[in-house]
Amino acid sequence: MTRLLLLVGFLLINATLSFGQNPSFKTWEAPEAIFQRGAKEKKPILLEAFLPTCPHCLAYDKTLRSPVIKNYLDKNFLAYQLDLSKRENGLFLRQHKIFIPSTPSFIILSPEGKTWHVEIMGEELNSVPGILKTLQIATDPKLRDAAKLVRYQQGERQPDLLLSTAFYTRVTMDTTQNMAIVYDYAKAEAPENYGSELNFLLIQKAMLDSDNPIFNYFINHLPSYYAKYDSAMVKQMAENTLMSSIFASRARKYSPERIQSIKKDLSALGIPEKQIAMRFIVLEVL
């Protein structure tokens with residue numbers, strides 16, 4: 001046991017030490033200075049959000065050291081690495097209304113500091129071409145997330161656009177817009193497709209309100225999801241959506257029927273009645 005703990009400790013320390021200054025990125029400085037520099041040089045800002053103990057981040061760090069990546073970043077971006085294990089960096093993201101569900105993630109800001117695009121970097125993108133393509137999309141005036149949201153607001157309703165903007169409004173903490181987009185997507189989706197893997201990912205990554213046809217299908221067909229996916233993950237996804245519905249300011253306007261429906265759904269997840277009652281104390285008092 002002692003040897004195992006020593007080995008785990010060594011691996012964690014080694015992973016942390018491996019995140020030395022990546023030559024493709026500039027040394028971190030005060031955010032105000034970064035935004036002033038971005039406005040002066042008219043360059044967008046790239047933040048690679050990472051954790052020192054994240055193995056995927058370590059794998060990306062190696063790819064990001066490529067001279068091709070370095071040259072591209074030097075020419076087109078002010079690029080920095082953002083260590084999320086540091087409290088001040090988490091506060092920085094919160095102040096800019098950016099939520100990062102997993103690492104590594106690319107956050108692309110305008111030269112003035114407005115959020116243009118947020119991309120969770122999966123293994124499939126961990127290559128020089130994959131990273132370059134992501135950055136090109138993130139700076140394209142027509143393809144980046146912020147531009148897609150404008151297209152949605154102007155009336156476009158293509159399924160791909162709705163999915164992209166649903167995720168974008170989730171990570172930029174725009175709950176009101178997120179709920180509207182996810183509901184519009186559900187209305188356009190055929191009921192026979194509610195249980196698709198794509199819609200499972202929508203619930204997992206973007207859904208913030210349980211008053212949605214796709215979530216209703218999900219909560220009423222839990223056994224089929226338990227059979228297909230990890231049951232603990234399924235329960236956590238359902239609970240996250242239900243709890244975000246409870247703790248939202250809009251919950252004060254829920255009808256008694258809506259409150260009972262949420263309680264019933266929490267009970268279906270196996271949560272004891274006393275725990276459910278505790279979660280509703282503040283809402284029911286208000």
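Me: Where is proline 104 found?
Reply: Proline 104 sits in the loop between helix H5 (87-95) and S3. Helices (H or I, at least four residues) and strands (E, at least two) are DSSP runs, numbered from the N terminus. This is a predicted model: local features need pLDDT of at least 70, side-chain atom pairs count only at pLDDT 80 or more, and totals for chains, interfaces and linings use all residues. Residues are numbered from 1 along each chain as its sequence is written, and side-chain values use heavy atoms, with hydrogens and water left out.

Me: What kind of peptide bond joins threonine 103 and proline 104?
Reply: A cis one, with omega about -5°. Most peptide bonds are trans.

Me: Switching to the sheet. What is the strand order?
Reply: S2-S1-S3-S4, in an open sheet with mixed pairing. Two strands pair if DSSP finds at least two bridges between them.

Me: Which strands stand at the edges?
Reply: S2 (78-83) and S4 (115-120). Each has a single partner strand, so one side of each lacks a neighbour in the sheet.

Me: And how many bridges join S1 to S3?
Reply: 5, between residues 45-50 and residues 105-109, running antiparallel. Isoleucine 45 stands opposite leucine 109 in S3.

Me: What about lysine 42: buried or exposed?
Reply: Exposed, at 71% relative accessibility. The cut-offs are under 20% relative accessible area for buried, over 50% for exposed, and partly exposed in between (1.4 Å probe, protein chains only). Lysine 42 lies in the loop between helix H2 (31-41) and S1. Its phi is positive, near 55°.

Me: What is the phi of methionine 173?
Reply: About 60°, positive although methionine 173 is not a glycine. Methionine 173 is partly exposed, at 43%.
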